[in-house]
Amino acid sequence: MNLLRTTIKFLASTYLNLQTKKNTGYIPVSGKVIDSEELVNMIDASLDMWLTTGRFNKEFEKELRNFFEHKYALTVNSGSSANLLAFSALTSNQLGERQIKAGDEVICVAAGFPTTVNPIIQNSCVPVFVDINKETHNIAVEQIEEALSEKTKAIFIAHTLGNPFDLKAIKEICNQKNLWLIEDNCDALGSEFDSKLTGTWGDIATLSFYPAHHITTGEGGAVLTSNSELYKILLSMRDWGRDCWCPSGKDNTCGKRFSYQLGNLEQGYDHKYIYSHIGYNLKISDMQAACGLAQIKKVRGFINKRKENFKYLYQGLEKYQEYFYLPVKNELSDPSWFGFPITLKENLSFNRVDLVSFLEEQGIGTRLLFGGNLLRQPAYLNHDFKFRVRDSRLLNNIDIDDFIYELLPNTDYVAANTFWVGLYHGLDKSDLDKILMAFDTFKENRLLN
Ligand SMILES: Cc1ncc(COP(=O)(O)O)c(C=O)c1O
């Protein structure tokens, strides 16, 4: 059987290696970089026929823990699920005084990905939107103080496009005010702040393994923590809300399966079916984990390539600073970039649509800063939820009008003027040269004058 398994894996690997990649000439903003190692792992997991989370996931979680030097890593089926799980865990009544309750406030930003903010709303809490800095695209730390209230319980923000927010300042606020910090690290795997990885500063951090990200499992994500109380809650909420912590396929790990009396259940009710949280099932399959396991072994190379590519693009675009705000990082940070953000300066003779349409025509992929200003999105205009903007009174979705946008001028500016191009680890110098050449052509033939 072992020989047969080895042969199957060898044949699959040969098959993949014989395939030639089509060169479409298009430079995507992101993409997966996988080879026969991922395929062989996934086939190995398939041949196990285990299907649900199993031995590959155990290894993958261990590698994630080791990479971050965190005590705990739990895989989930997406970065969005990781964010939902991370925030929901903080609403557990097992946290006593520190439990986040409905109506409590959470500091966040409107410039970014929706599922960084949605878990706050989904848990009936109040997002408090603070503006961002135009060049770092991260939270304007100096505005947090005015946004705080008696009800503030947490700060939940992302390292925008891999660029670390000011973790020292944010941590200090959290420590002083006894706030939880959730780091949405989905776009920042490998970024560092003050020589310490992002994702290791907050109480909980999240990762996404969607193919656009630094490593991929297709769909997938993870939550990270070193807090054992939070880990227990995260595990319970990830796995249906159950009280039991047996891994898939194992029974009676605690040795007391029929000895519990919890809630109003009878003495001895099977611990496998006792629920201590209103939970989800957010687990991944072992095939996904098998892919992730091959990916994480290559992650350091991927990170270095992203950093190199950022430097190359920056050097090539520096000459256009008259037109663009190029990305700025905190002096203590070393970002593992997700993309290369470019923000058009004021009063130019062209606008973002002119430039991105031109780039796309030239075969250069472009993206916006996700949802731009979330408070301009139909979802938030149409959903009945309570929020605040900086130091405003408590508002409702029907109150969204111009005065709100005036409180978030940089968020609005970035929503209208920022886009990003690719620098992911699948791009090499010739791809980056093509991007830079497209900017040169735009200058020569079009509107940069
Ligand atoms: C900052 C951020 N958070 C969360 C997510 C959601 O991740 P996923 O697509 O895996 O749900 C993304 C998606 O790209 C993201 O950019």
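## Close-up views of a predicted model

**View 1. Helices H1 and H2 pack against each other.** In this predicted model, helix H1 (residues 2–18) and helix H2 (residues 36–48) pack at an angle of about 145°, with their axes 9 Å apart. The crossing of H1 and H2 is right-handed. On the H1 side the contact is made by Arg5, Ile8, Lys9, Ala12, Ser13, Leu16 and Asn17, and on the H2 side by Ser36, Leu39, Val40, Ile43, Asp44 and Leu47. Sorted by kind, the residues of this contact comprise seven nonpolar, three polar and three charged.

**View 2. Helix H1 along its length.** The 17 residues of H1 should span 24 Å at 1.5 Å a residue, and the end C-alpha atoms of the helix are 24 Å apart, which agrees. H1 is hardly covered, since the count of buried residues among its 17 residues is zero.

View 3. Nine strands form an open sheet with mixed pairing, and their order is E1-E9-E8-E5-E4-E2-E3-E14-E15. E1 and strand E15 (395–396) stand at the edges with a single partner strand each, so one side of each is left without a neighbour in the sheet. Helix H3 (residues 55–68) packs on the sheet, where it touches E1 and E9, and its direction makes about 130° with that of E1.

**View 4. Strand E1 and its partner E9.** All five of the five residues of strand E1 (residues 72–76) are buried, so the strand is largely enclosed by the rest of the structure. Both faces of E1 are covered, with Tyr72, Leu74 and Val76 buried on one side and Ala73 and Thr75 buried on the other. E1 and strand E9 (residues 221–225) run antiparallel and are joined by five bridges, and the bridge partner of Leu74 in E9 is Val223.

View 5. With E9, E8 pairs in the antiparallel sense over four bridges, and here the bridge partner of Thr206 is Val223 of E9. With strand E5 (residues 180–184), E8 pairs in the parallel sense over three bridges, and Glu183 stands opposite Ala205 in E8.

**View 6. The parallel pair E2 and E3.** Strand E2 (residues 105–109) and strand E3 (residues 126–130) run parallel and are joined by five bridges. In this pair, Val109 stands opposite Val130 in E3.

Definitions and conventions:
Residues are numbered from 1 along each chain as its sequence is written. This is a predicted model: local features need pLDDT of at least 70, side-chain atom pairs count only at pLDDT 80 or more; totals for chains, interfaces and linings use all residues. A residue is buried if 20 or more other C-beta atoms lie within 10 Å of its own, exposed if 12 or fewer, and partly exposed in between; C-beta atoms are placed from the backbone. Helices (H or I, at least four residues) and strands (E, at least two) are DSSP runs, numbered from the N terminus. Two strands pair if DSSP finds at least two bridges between them. Two residues are in contact if their C-beta atoms, placed from the backbone, lie within 7 Å. Axes are lines fitted to C-alpha atoms, for helices over the stretch in contact, and angles run from 0 to 180 degrees between N-to-C directions. The expected span of a helix is 1.5 Å times one less than its number of residues. A crossing is left-handed if the near helix is turned anticlockwise from the far one by less than a right angle, and right-handed if clockwise. Ala, Val, Leu, Ile, Met, Phe, Trp, Tyr, Cys and Pro count as nonpolar, Asp, Glu, Lys and Arg as charged, and the others, Gly among them, as polar.
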